[in-house]
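Reader: I have this model open on my screen and would like to talk through how it is put together. Could you take me through it step by step?

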2 protein chains.
Amino acid sequence: MVSNNVGRASIHHVANRAGVSAATVSKVLRGVKTVKPANVEKVLAAVKELDYRIDPLASDLRRAKRRIIGVIIPELESEFFGRLTSRLETLAEAAGYSLAIATSQESEERELKLVERMHDWRVAGTILAPVRSERGLGATAMKKIGMTAVLVDRVVANDTFDTVTADNANASAQIARKLAEAGHKHVLLLGLNEVSKSLRTRISAFREEIEKSGAEMKVDLLLAEGPLDDLRQAFSNYLDETRPTAVFSLFQRGTLVVLSEFRRRAIQCPQDISVVGFDDAEWMQATYPAVTAVVQPIRQIAERAFERLLLRIETPQSFAVCQLQPCTFVERESLVDLKTAVLRPEQNRRRHNPPG
Amino acid sequence: MVSNNVGRASIHHVANRAGVSAATVSKVLRGVKTVKPANVEKVLAAVKELDYRIDPLASDLRRAKRRIIGVIIPELESEFFGRLTSRLETLAEAAGYSLAIATSQESEERELKLVERMHDWRVAGTILAPVRSERGLGATAMKKIGMTAVLVDRVVANDTFDTVTADNANASAQIARKLAEAGHKHVLLLGLNEVSKSLRTRISAFREEIEKSGAEMKVDLLLAEGPLDDLRQAFSNYLDETRPTAVFSLFQRGTLVVLSEFRRRAIQCPQDISVVGFDDAEWMQATYPAVTAVVQPIRQIAERAFERLLLRIETPQSFAVCQLQPCTFVERESLVDLKTAVLRPEQNRRRHNPPG
DNA sequence: CTGAAAGCGCTAACAG
DNA sequence: CTGTTAGCGCTTTCAG
């Protein structure tokens, strides 16, 4: 019998129609040159008439090589992973792969399940952005099963997988330097109280830079639990007692909280307090003031990660490399230089009240 | 020979190990009851020892039924589609399907390609969120090929596919009513000048509601081209000449522009001008004032769409239904009732200057 | 209850 | 250059 595949022509239909064997059809379709031109014609004609298209899964099955790359990310709701995935999609396609995208929903357990699913699917390789918890269960599992993979974002150097991530430390140090140079002597670091390597890196790098440079700066640290409102409350309490000259928000949503709290309290930004955010977002160019922020090199992360994965897929690599992609920095309006203190006209509506 | 599949046990390995046939292993694994308990034990033991897991793709191939559902969305960078996809993922999994996610990048051509790819993959069904252009090329192609699919967001009623989308008209009318009741007599509708059915629906529904209710209201309409800055410029020019009592931003990024332009001009919101936005975002609760907005029922859209798709996959439906999911409305701080005009303490810093 | 056989849609090896 | 044969890893009769 010839078909079971509801209403779709198989390679045999085409072979029949063209009066050749399935093998020949396969050759023509995969561009093998050793086919008589006349037959090529016939096959192509049959293909067109029957609207035939190779079933990539069946094809992969036979070739014992799936042209699928797994992508496991913590979530899809935030811009960051959306962009990352999007970029990966483009790269994968260009390299002849399809993506199997799945979200771990920040759950270790789910991450583990997804790793297994990718394995079941016999994906050629996997790109994993681990959940926040740093136990690296997914990576461990992948190692044990012998999957080929690259770790991305939120990862520490790992000697069994290549890792590529934003250079949090450097970016943070740069902000520290900028702030110090701009004459800020009292800065608040605002973050979330969750286990997250990158956040901790941002904090320690900032502090180290200040110490190292010998800059005179008081650095406060405020960490809150998950919900946005807790952070807002904590920040509000903090402001009741202290007035730094600048706030360095260590993550995207923190920046939001800072801005809104400023507005609620009629604190003028940047005249009263400057703000720098880690992680840029589209809305930051539309707030007033537009937010000066560290932008993570999402594109580069995707590209390096993919490149490395491909390399590993094609020729097994001996040892793992760890790539830190440099962040960039968008200067907008929310960070002011206390020394020059050039205020733009619109910002002069209220007098600048130097704190302290 | 027994394996080609690098380092993975196949069903035959398990069969050998357990001393039964592959058929029996298959039965055990799929829960067929007619297997002698002793054999079940043996198989399970072998499975565990060999770490065996079914290859779902090979399995699907044989069953001539792929447990994969295709999802084609315009992009992954925005919260909306991220959330939608995420929800779909959960639903699909619960129903025993995997998702094949792909983004059309707002390109008709790509959309078409992806439709074909989904077809090639022999997905059981497809959920398509069409690109902005309304020519419905993807849908047409799917119809022609005979794919089973559901259309989502940005779609008009379509007599060949089920469609589920937010009830833009109703939501917009409700906003119109609210604004009228709150005494707003001059409202600006702010949108993008792109072909987009939903945007147009929002506009016309607003106008119709005003006409129908006989409310006395001047309705301005301002549409700009793509880039955010063009919109900002257009809005700025508009404000140079006119001062409505409220702005209804027809899309998410518009709300951003409005807020920042207000701040730049020291226009107090909502005392001077109120704002309502179509499409909620997390940052809207953190701005000051927090933005009153229409929230799209993403979850419901995903659920209805998936439910419908499943129904169609399982038992072919005779005719297409079009489901409009009601939006909700978050009242926050950016919309003021001109009649009662109860201003909260913090908002009283500046006096309210009634325009006109 | 079980397993041999057939085969999903495709590709690879090799004899012609 | 081509077609036959032999599978990829699985499931499904169906005869025993």
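Reader: What share of the contacts in chain A with a separation of 6 or more comes from residues 24 or more positions apart?
Author: In this predicted model, residues 24 or more positions apart account for 70% of those contacts in chain A.

Reader: And how many helices and strands does chain A have?
Author: The secondary structure of chain A comes to 12 helices and 12 strands, and buried residues make up 43% of its 356 residues.

Reader: What about the overall dimensions, say the radius of gyration of chain A?
Author: Chain A has a radius of gyration of 27 Å, whereas a compact globule of 356 residues would have one near 21 Å. Along its principal axes, the C-alpha trace of chain A spans about 90 × 45 × 35 Å.

Reader: Which domains does the assignment give for chain A?
Author: The assignment gives domain 1 (11-54), domain 2 (66-165 + 298-326) and domain 3 (168-296 + 330-352). Taken over C-alpha atoms, the centres of domain 1 and domain 3 of chain A are separated by 64 Å.

Reader: Switching to the partner, how many residues of chain A are in contact with chain B?
Author: There are 39 residues of chain A in contact with 39 residues of chain B. On the chain A side, the elements that give two or more residues are helix H4 (56-63), helix H5 (79-94), strand S2 (98-103) and helix H11 (252-264).

Reader: Which of them gives the most?
Author: H5(A) does, with six residues on the side of chain A that touches chain B. By class, that side of chain A has 16 nonpolar, 10 polar and 13 charged residues.

Methods: Residues are numbered from 1 along each chain as its sequence is written. Chains are lettered from A and ligands numbered from 1 in the order in which they are written. This is a predicted model: local features need pLDDT of at least 70, side-chain atom pairs count only at pLDDT 80 or more; totals for chains, interfaces and linings use all residues. Helices (H or I, at least four residues) and strands (E, at least two) are DSSP runs, numbered from the N terminus. The radius of gyration is taken over C-alpha atoms; the globule rule is 2.2 Å times the number of residues to the power 0.38. A residue is buried if 20 or more other C-beta atoms lie within 10 Å of its own, exposed if 12 or fewer, and partly exposed in between; C-beta atoms are placed from the backbone. Two residues are in contact if their C-beta atoms, placed from the backbone, lie within 7 Å. Ala, Val, Leu, Ile, Met, Phe, Trp, Tyr, Cys and Pro count as nonpolar, Asp, Glu, Lys and Arg as charged, and the others, Gly among them, as polar. Domain bounds come from an automatic or database domain assignment.
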